[in-house]
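The structure is shown first, and the description follows.

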Amino acid sequence: MDFIIAEENKTKEELLNIFKNSTLILPSINIGNIGQITMDLLISSLECRLIGYLDSHHILPFIGNDPFLLNQGQICLNLEIFYCEKYNLVLLQQRAAIKKNRNNQFSKCLFNWIEECVFKQIILLASSDASKRLDIQLSGSQQRFIISNCDHSKDISLQLINSGWQQLEKIDEQSFLFIPGSFADFFINQFSNNNKPLIVLICFCFEGDNRMDSIATANKLNLYLNFNNNNNNNNNNKQFYSSSTQKQITINWLNAKGESIKTVSGPVGMSILELAHKNEIDLEGACESSLACSTCHVILDEEFYDKVPEPTDQENDMLDLAFGLTQTSRLGCQLILSEELDGMNLRLPAATRNFAVDGYKPKPH
(Lines give C-alpha, C1' and ligand atoms only; values in the text may rest on other atoms or scores of the structure.)
Protein backbone atom coordinates (compact mmCIF):
# COMPACT_ATOMS: atom_id res chain seq x y z
CA MET A 1 0.00 0.00 0.00
CA ASP A 2 1.65 3.22 -1.18
CA PHE A 3 1.35 6.58 0.59
CA ILE A 4 1.07 9.45 -1.93
CA ILE A 5 1.68 12.97 -0.58
CA ALA A 6 -0.72 15.70 -1.72
CA GLU A 7 1.17 18.63 -0.20
CA GLU A 8 4.17 19.68 -2.29
CA ASN A 9 6.07 21.24 0.61
CA LYS A 10 5.93 18.13 2.81
CA THR A 11 8.07 14.98 2.78
CA LYS A 12 6.99 11.51 3.83
CA GLU A 13 9.35 11.65 6.80
CA GLU A 14 7.84 14.93 8.02
CA LEU A 15 4.31 13.53 7.84
CA LEU A 16 5.29 10.29 9.57
CA ASN A 17 6.77 12.37 12.37
CA ILE A 18 3.41 14.18 12.74
CA PHE A 19 1.51 10.87 12.73
CA LYS A 20 3.46 9.54 15.72
CA ASN A 21 1.69 11.88 18.15
CA SER A 22 -1.73 11.95 16.50
CA THR A 23 -5.02 10.06 16.68
CA LEU A 24 -6.06 8.13 13.57
CA ILE A 25 -9.79 7.91 12.82
CA LEU A 26 -10.98 5.69 9.97
CA PRO A 27 -14.23 4.02 8.84
CA SER A 28 -15.08 0.48 7.89
CA ILE A 29 -17.58 -0.55 5.23
CA ASN A 30 -20.72 -1.60 7.10
CA ILE A 31 -24.48 -1.42 6.88
CA GLY A 32 -25.77 2.14 6.56
CA ASN A 33 -22.29 3.60 5.85
CA ILE A 34 -22.29 5.26 9.28
CA GLY A 35 -18.49 5.33 9.36
CA GLN A 36 -18.14 7.09 6.01
CA ILE A 37 -20.88 9.67 6.73
CA THR A 38 -19.41 10.43 10.16
CA MET A 39 -15.95 10.85 8.62
CA ASP A 40 -17.24 13.43 6.12
CA LEU A 41 -18.98 15.24 8.96
CA LEU A 42 -15.72 15.39 10.94
CA ILE A 43 -13.62 16.41 7.93
CA SER A 44 -15.95 19.26 6.96
CA SER A 45 -16.53 20.49 10.53
CA LEU A 46 -12.98 20.36 11.94
CA GLU A 47 -11.26 22.36 9.18
CA CYS A 48 -9.21 19.40 7.97
CA ARG A 49 -6.87 19.65 4.99
CA LEU A 50 -6.06 16.95 2.46
CA ILE A 51 -2.46 15.77 2.92
CA GLY A 52 -2.32 12.56 0.88
CA TYR A 53 -3.78 9.38 -0.56
CA LEU A 54 -3.31 5.66 -0.12
CA ASP A 55 -2.98 3.58 -3.27
CA SER A 56 -4.28 0.03 -2.94
CA HIS A 57 -5.17 -2.42 -5.73
CA HIS A 58 -7.53 -4.13 -3.28
CA ILE A 59 -10.01 -1.20 -3.48
CA LEU A 60 -12.33 -0.47 -6.39
CA PRO A 61 -11.11 2.48 -8.53
CA PHE A 62 -12.90 5.73 -7.83
CA ILE A 63 -12.51 9.38 -8.83
CA GLY A 64 -14.79 12.40 -8.40
CA ASN A 65 -15.03 16.09 -7.62
CA ASP A 66 -14.22 17.58 -4.23
CA PRO A 67 -17.24 16.56 -2.06
CA PHE A 68 -16.78 19.55 0.26
CA LEU A 69 -16.74 22.13 -2.58
CA LEU A 70 -13.67 23.77 -1.07
CA ASN A 71 -11.37 23.52 -4.07
CA GLN A 72 -12.73 23.28 -7.61
CA GLY A 73 -9.45 21.89 -8.91
CA GLN A 74 -9.18 19.14 -6.29
CA ILE A 75 -10.24 15.59 -7.07
CA CYS A 76 -11.62 12.93 -4.76
CA LEU A 77 -10.13 9.41 -4.70
CA ASN A 78 -10.94 6.13 -2.98
CA LEU A 79 -8.56 6.43 0.02
CA GLU A 80 -7.92 9.99 1.22
CA ILE A 81 -5.90 11.19 4.20
CA PHE A 82 -6.83 14.44 5.95
CA TYR A 83 -5.14 16.20 8.83
CA CYS A 84 -6.64 18.45 11.51
CA GLU A 85 -3.78 20.41 13.04
CA LYS A 86 -6.02 22.03 15.66
CA TYR A 87 -6.83 18.71 17.35
CA ASN A 88 -3.92 16.64 15.98
CA LEU A 89 -6.18 14.19 14.14
CA VAL A 90 -5.44 12.11 11.05
CA LEU A 91 -8.62 11.05 9.22
CA LEU A 92 -8.52 8.30 6.62
CA GLN A 93 -11.67 8.37 4.47
CA GLN A 94 -12.58 5.32 2.37
CA ARG A 95 -14.89 6.17 -0.54
CA ALA A 96 -14.96 2.86 -2.42
CA ALA A 97 -15.70 -0.75 -1.56
CA ILE A 98 -13.11 -3.47 -1.17
CA LYS A 99 -12.87 -5.76 -4.17
CA LYS A 100 -14.51 -9.17 -3.95
CA ASN A 101 -12.47 -11.69 -1.94
CA ARG A 102 -9.84 -9.04 -1.12
CA ASN A 103 -10.96 -8.11 2.40
CA ASN A 104 -8.17 -10.06 4.14
CA GLN A 105 -5.46 -8.68 1.86
CA PHE A 106 -6.68 -5.11 2.25
CA SER A 107 -6.96 -5.47 6.04
CA LYS A 108 -3.37 -6.71 6.28
CA CYS A 109 -2.00 -3.93 4.04
CA LEU A 110 -3.90 -1.26 5.96
CA PHE A 111 -2.74 -2.69 9.28
CA ASN A 112 0.89 -2.65 8.11
CA TRP A 113 0.59 1.01 7.04
CA ILE A 114 -0.91 1.93 10.42
CA GLU A 115 1.94 0.11 12.18
CA GLU A 116 4.49 2.01 10.09
CA CYS A 117 2.94 5.35 11.07
CA VAL A 118 2.98 4.58 14.82
CA PHE A 119 -0.16 6.53 15.68
CA LYS A 120 -0.79 7.40 19.31
CA GLN A 121 -4.40 6.16 19.15
CA ILE A 122 -6.57 4.44 16.53
CA ILE A 123 -10.36 4.76 16.38
CA LEU A 124 -12.38 2.66 13.92
CA LEU A 125 -15.93 3.80 13.12
CA ALA A 126 -18.26 0.90 12.34
CA SER A 127 -21.95 -0.03 12.32
CA SER A 128 -24.00 -3.14 12.98
CA ASP A 129 -27.37 -4.39 11.72
CA ALA A 130 -30.03 -3.13 14.13
CA SER A 131 -32.32 -6.04 13.23
CA LYS A 132 -29.85 -8.43 14.92
CA ARG A 133 -29.72 -6.63 18.26
CA LEU A 134 -30.11 -8.42 21.56
CA ASP A 135 -33.21 -7.65 23.64
CA ILE A 136 -31.16 -5.48 26.01
CA GLN A 137 -30.00 -3.36 23.05
CA LEU A 138 -33.45 -2.48 21.67
CA SER A 139 -33.86 0.72 23.70
CA GLY A 140 -31.51 3.36 25.00
CA SER A 141 -28.26 4.45 23.39
CA GLN A 142 -27.48 2.79 20.06
CA GLN A 143 -23.71 3.39 20.27
CA ARG A 144 -21.31 0.73 21.55
CA PHE A 145 -17.56 0.24 21.78
CA ILE A 146 -14.97 -2.55 21.74
CA ILE A 147 -11.32 -2.17 22.79
CA SER A 148 -8.41 -4.45 21.93
CA ASN A 149 -6.67 -6.15 24.84
CA CYS A 150 -3.77 -3.99 26.00
CA ASP A 151 -2.23 -2.53 29.14
CA HIS A 152 -4.44 0.58 28.95
CA SER A 153 -7.75 -1.01 27.92
CA LYS A 154 -9.37 -0.61 31.36
CA ASP A 155 -8.47 3.08 31.56
CA ILE A 156 -9.74 3.73 28.01
CA SER A 157 -12.97 1.82 28.74
CA LEU A 158 -13.59 3.98 31.79
CA GLN A 159 -13.02 7.16 29.76
CA LEU A 160 -15.47 5.98 27.09
CA ILE A 161 -18.11 5.00 29.65
CA ASN A 162 -17.75 8.40 31.33
CA SER A 163 -18.30 9.94 27.88
CA GLY A 164 -21.64 8.15 27.47
CA TRP A 165 -20.51 5.10 25.46
CA GLN A 166 -21.56 1.55 26.37
CA GLN A 167 -19.42 -1.54 25.93
CA LEU A 168 -20.76 -3.94 23.30
CA GLU A 169 -22.64 -6.79 24.95
CA LYS A 170 -21.51 -10.34 24.26
CA ILE A 171 -23.81 -12.85 22.58
CA ASP A 172 -22.41 -15.46 24.94
CA GLU A 173 -19.42 -15.74 27.28
CA GLN A 174 -16.96 -16.27 24.43
CA SER A 175 -17.82 -13.87 21.59
CA PHE A 176 -18.84 -10.30 20.78
CA LEU A 177 -21.76 -9.43 18.55
CA PHE A 178 -20.81 -10.11 14.94
CA ILE A 179 -20.05 -6.95 12.93
CA PRO A 180 -20.94 -7.71 9.30
CA GLY A 181 -18.70 -6.61 6.42
CA SER A 182 -16.08 -5.05 8.70
CA PHE A 183 -12.37 -5.69 9.23
CA ALA A 184 -12.86 -4.79 12.91
CA ASP A 185 -12.40 -8.41 14.04
CA PHE A 186 -9.05 -8.67 12.24
CA PHE A 187 -7.86 -5.36 13.68
CA ILE A 188 -8.97 -6.26 17.21
CA ASN A 189 -6.94 -9.50 17.07
CA GLN A 190 -3.85 -7.89 15.53
CA PHE A 191 -3.71 -4.97 17.94
CA SER A 192 -4.40 -7.26 20.90
CA ASN A 193 -1.49 -9.50 19.84
CA ASN A 194 0.76 -6.41 19.72
CA ASN A 195 -0.57 -5.05 23.05
CA LYS A 196 -1.71 -1.81 21.38
CA PRO A 197 -5.01 0.05 21.90
CA LEU A 198 -7.65 0.03 19.16
CA ILE A 199 -11.08 1.54 19.82
CA VAL A 200 -13.96 0.31 17.66
CA LEU A 201 -17.03 2.56 17.90
CA ILE A 202 -20.23 0.92 16.66
CA CYS A 203 -23.67 2.29 15.85
CA PHE A 204 -26.72 0.04 15.42
CA CYS A 205 -28.64 1.09 12.31
CA PHE A 206 -30.76 0.08 9.34
CA GLU A 207 -30.20 0.88 5.69
CA GLY A 208 -31.72 4.22 4.70
CA ASP A 209 -31.21 7.84 5.69
CA ASN A 210 -28.63 7.56 8.48
CA ARG A 211 -27.68 11.21 8.87
CA MET A 212 -28.97 11.37 12.44
CA ASP A 213 -27.09 8.18 13.40
CA SER A 214 -23.90 9.71 12.02
CA ILE A 215 -24.51 12.99 13.84
CA ALA A 216 -25.08 11.07 17.09
CA THR A 217 -21.86 9.11 16.52
CA ALA A 218 -19.87 12.31 15.85
CA ASN A 219 -21.26 14.00 18.95
CA LYS A 220 -20.54 10.96 21.12
CA LEU A 221 -17.00 10.84 19.69
CA ASN A 222 -16.63 14.51 20.61
CA LEU A 223 -17.51 13.73 24.23
CA TYR A 224 -14.59 11.28 24.30
CA LEU A 225 -11.98 13.28 22.35
CA ASN A 226 -13.23 16.66 23.64
CA PHE A 227 -12.63 18.71 20.49
CA ASN A 228 -13.19 21.96 22.41
CA ASN A 229 -10.63 21.16 25.11
CA ASN A 230 -7.83 23.13 23.46
CA ASN A 231 -10.00 26.08 22.50
CA ASN A 232 -10.80 28.03 25.63
CA ASN A 233 -12.42 27.64 29.02
CA ASN A 234 -15.89 27.31 27.52
CA ASN A 235 -17.38 24.00 28.68
CA ASN A 236 -19.90 23.82 25.85
CA ASN A 237 -19.15 20.82 23.64
CA LYS A 238 -18.91 21.25 19.90
CA GLN A 239 -22.05 19.99 18.15
CA PHE A 240 -22.11 18.46 14.68
CA TYR A 241 -24.88 18.79 12.13
CA SER A 242 -25.29 17.28 8.68
CA SER A 243 -25.23 20.56 6.76
CA SER A 244 -22.32 22.92 6.29
CA THR A 245 -24.71 25.86 6.63
CA GLN A 246 -25.95 26.89 10.06
CA LYS A 247 -29.08 28.75 8.89
CA GLN A 248 -31.68 28.82 11.64
CA ILE A 249 -35.07 27.21 10.95
CA THR A 250 -38.10 28.40 12.94
CA ILE A 251 -40.63 25.84 14.24
CA ASN A 252 -43.92 26.70 15.98
CA TRP A 253 -44.95 24.14 18.61
CA LEU A 254 -48.65 23.65 19.41
CA ASN A 255 -50.39 21.54 22.05
CA ALA A 256 -53.06 18.95 21.27
CA LYS A 257 -55.73 21.68 21.16
CA GLY A 258 -53.79 23.65 18.57
CA GLU A 259 -52.74 26.34 21.05
CA SER A 260 -49.26 27.82 20.71
CA ILE A 261 -46.68 26.51 23.22
CA LYS A 262 -43.39 27.96 22.05
CA THR A 263 -41.64 29.14 18.88
CA VAL A 264 -38.03 27.99 18.65
CA SER A 265 -35.22 27.85 16.07
CA GLY A 266 -32.52 25.33 15.22
CA PRO A 267 -29.86 24.82 12.54
CA VAL A 268 -30.34 22.96 9.30
CA GLY A 269 -29.48 19.30 9.93
CA MET A 270 -30.81 19.06 13.49
CA SER A 271 -33.62 16.59 14.18
CA ILE A 272 -37.03 17.70 15.45
CA LEU A 273 -36.52 15.53 18.54
CA GLU A 274 -33.18 17.17 19.34
CA LEU A 275 -34.71 20.61 18.77
CA ALA A 276 -37.49 19.77 21.24
CA HIS A 277 -35.06 18.54 23.91
CA LYS A 278 -32.81 21.59 23.57
CA ASN A 279 -35.80 23.90 24.06
CA GLU A 280 -37.59 21.93 26.82
CA ILE A 281 -40.51 20.89 24.62
CA ASP A 282 -42.31 17.90 26.14
CA LEU A 283 -41.38 15.34 23.48
CA GLU A 284 -40.11 12.18 25.13
CA GLY A 285 -38.06 10.08 22.67
CA ALA A 286 -37.71 7.11 25.05
CA CYS A 287 -35.68 4.93 22.65
CA GLU A 288 -33.14 7.71 21.88
CA SER A 289 -33.85 7.76 18.12
CA SER A 290 -33.40 4.01 17.66
CA LEU A 291 -36.85 3.53 16.05
CA ALA A 292 -38.01 1.32 18.91
CA CYS A 293 -40.92 3.44 20.21
CA SER A 294 -43.43 6.10 19.14
CA THR A 295 -42.95 8.58 22.00
CA CYS A 296 -41.62 11.34 19.72
CA HIS A 297 -44.84 11.31 17.65
CA VAL A 298 -45.67 14.73 16.19
CA ILE A 299 -48.38 15.94 13.80
CA LEU A 300 -47.52 18.14 10.80
CA ASP A 301 -49.67 20.56 8.84
CA GLU A 302 -50.64 19.16 5.44
CA GLU A 303 -48.77 22.06 3.82
CA PHE A 304 -45.45 20.81 5.20
CA TYR A 305 -46.12 17.07 5.28
CA ASP A 306 -45.43 16.76 1.54
CA LYS A 307 -42.12 18.62 1.94
CA VAL A 308 -40.45 15.97 4.11
CA PRO A 309 -39.07 12.63 2.85
CA GLU A 310 -41.45 9.66 3.02
CA PRO A 311 -41.20 7.56 6.19
CA THR A 312 -39.25 4.30 6.08
CA ASP A 313 -40.90 0.94 6.78
CA GLN A 314 -39.35 0.96 10.28
CA GLU A 315 -40.85 4.37 11.04
CA ASN A 316 -44.27 3.30 9.74
CA ASP A 317 -44.15 0.23 12.00
CA MET A 318 -43.62 2.48 15.03
CA LEU A 319 -46.22 5.00 13.89
CA ASP A 320 -48.80 2.18 13.87
CA LEU A 321 -48.32 2.08 17.66
CA ALA A 322 -48.70 5.84 18.16
CA PHE A 323 -51.58 7.27 20.17
CA GLY A 324 -53.90 9.50 18.10
CA LEU A 325 -52.31 8.66 14.74
CA THR A 326 -53.27 11.01 11.88
CA GLN A 327 -52.63 11.17 8.13
CA THR A 328 -49.79 13.66 8.75
CA SER A 329 -48.16 11.96 11.75
CA ARG A 330 -44.38 11.47 11.84
CA LEU A 331 -41.70 10.60 14.39
CA GLY A 332 -39.67 13.61 15.48
CA CYS A 333 -36.42 11.64 15.56
CA GLN A 334 -36.72 11.02 11.81
CA LEU A 335 -37.52 14.59 10.75
CA ILE A 336 -34.52 16.76 9.86
CA LEU A 337 -34.67 20.54 9.78
CA SER A 338 -34.35 21.93 6.26
CA GLU A 339 -35.01 25.31 4.67
CA GLU A 340 -38.33 24.03 3.28
CA LEU A 341 -39.63 23.55 6.84
CA ASP A 342 -39.01 27.13 8.01
CA GLY A 343 -42.13 28.40 9.81
CA MET A 344 -43.72 24.94 10.17
CA ASN A 345 -46.35 24.26 12.84
CA LEU A 346 -45.87 21.03 14.83
CA ARG A 347 -48.67 19.75 17.02
CA LEU A 348 -48.12 17.39 19.95
CA PRO A 349 -50.62 14.51 20.33
CA ALA A 350 -52.89 14.31 23.35
CA ALA A 351 -50.80 11.44 24.77
CA THR A 352 -47.95 9.06 23.98
CA ARG A 353 -47.78 5.30 24.22
CA ASN A 354 -44.62 3.55 25.38
CA PHE A 355 -45.19 -0.20 25.74
CA ALA A 356 -41.72 -0.98 27.07
CA VAL A 357 -41.65 1.64 29.81
CA ASP A 358 -45.08 2.65 31.02
CA GLY A 359 -47.02 -0.57 30.61
CA TYR A 360 -49.41 0.39 27.81
CA LYS A 361 -50.54 3.50 29.70
CA PRO A 362 -50.64 6.69 27.60
CA LYS A 363 -48.63 9.54 29.08
CA PRO A 364 -50.46 12.89 28.82
CA HIS A 365 -48.54 16.02 27.72
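## Strands S9 and S11

Strand S9 (residues 143-147) and strand S11 run antiparallel and are joined by five bridges. This is a predicted model, in which local features need pLDDT of at least 70 and side-chain atom pairs count only at pLDDT 80 or more, while totals for chains, interfaces and linings use all residues. Residues are numbered from 1 along each chain as its sequence is written, and side-chain values use heavy atoms, with hydrogens and water left out. Strands (E, at least two residues) and helices (H or I, at least four) are DSSP runs, numbered from the N terminus. Two strands pair if DSSP finds at least two bridges between them.

Within this pairing, Ile146 stands opposite Val200 in S11, and the bridge partner of Ile147 in S11 is Ile199. S9 also runs parallel to strand S10 (residues 166-167), to which two bridges join it; here Phe145 has Gln167 as its bridge partner in S10. S11 in turn pairs with strand S8 (residues 121-129) in the parallel sense, over eight bridges. In that pairing Ile123 stands opposite Ile199 in S11.

## Burial of the two strands

Which residues cover the two faces of S11? On one side are Leu198, Val200, Ile202 and Phe204, and on the other Ile199, Leu201, Cys203 and Cys205, all of them buried. Buried means under 20% relative accessible area, exposed means over 50%, and partly exposed is in between (1.4 Å probe, protein chains only). Eight of the eight residues of S11 are buried, so S11 is largely enclosed by the rest of the structure.

For S9, five of the five residues are buried, so this strand is also largely enclosed by the rest of the structure. Gln143, Phe145 and Ile147 lie on one side of S9, with Arg144 and Ile146 on the other, and all are buried. In a regular strand the side chains alternate between the two faces of the sheet.

## A five-stranded sheet

An open sheet of five strands has the order S13-S12-S16-S14-S15, with mixed pairing. Its edge strands are strand S13 (260-267) and strand S15 (329-331), each of which pairs on one side only. The twist averages 35° from one strand to the next, with axes taken as lines fitted to C-alpha atoms (for helices over the stretch in contact) and angles running from 0 to 180 degrees between N-to-C directions.

Inside this sheet, strand S12 (residues 248-254) and strand S16 (residues 344-347) pair in the parallel sense over four bridges. Asn252 has Asn345 as its bridge partner in S16.

## Aromatic pairs

Rings of Phe, Tyr and Trp (its six-membered ring) pair if their centres lie within 6.5 Å; planes under 30 degrees apart count as stacked, over 60 as edge-to-face and the rest as tilted. By this rule the count comes to ten aromatic pairs. The rings of Phe111 and Phe191 have centres 5.2 Å apart and planes at 80°, so this pair is edge-to-face. Phe111 lies in helix H3 (residues 103-117) and Phe191 in helix H5 (residues 184-193), so the pair ties together parts that are 80 residues apart in sequence. Both Phe111 and Phe191 are buried.

Ring pairs also link Phe3, Phe19, Trp113 and Phe119 into a cluster.

## Loop residues

Asn33 lies in the loop between strand S2 (23-27) and helix H2 (34-45). Asn33 has a positive phi of about 55° although it is not a glycine, and at 37% relative accessibility Asn33 counts as partly exposed.

Asn101 is in the loop between strand S7 (89-94) and H3. Although it is not a glycine, Asn101 has a positive phi of about 65°. Is Asn101 buried or exposed? At 67% relative accessibility, Asn101 counts as exposed.

Leu321 is found in the loop between H9 and S15 and is partly exposed, with a relative accessible area of 31%. Leu321 and Cys293 are 28 residues apart in sequence and 7.9 Å apart in space, C-alpha to C-alpha.
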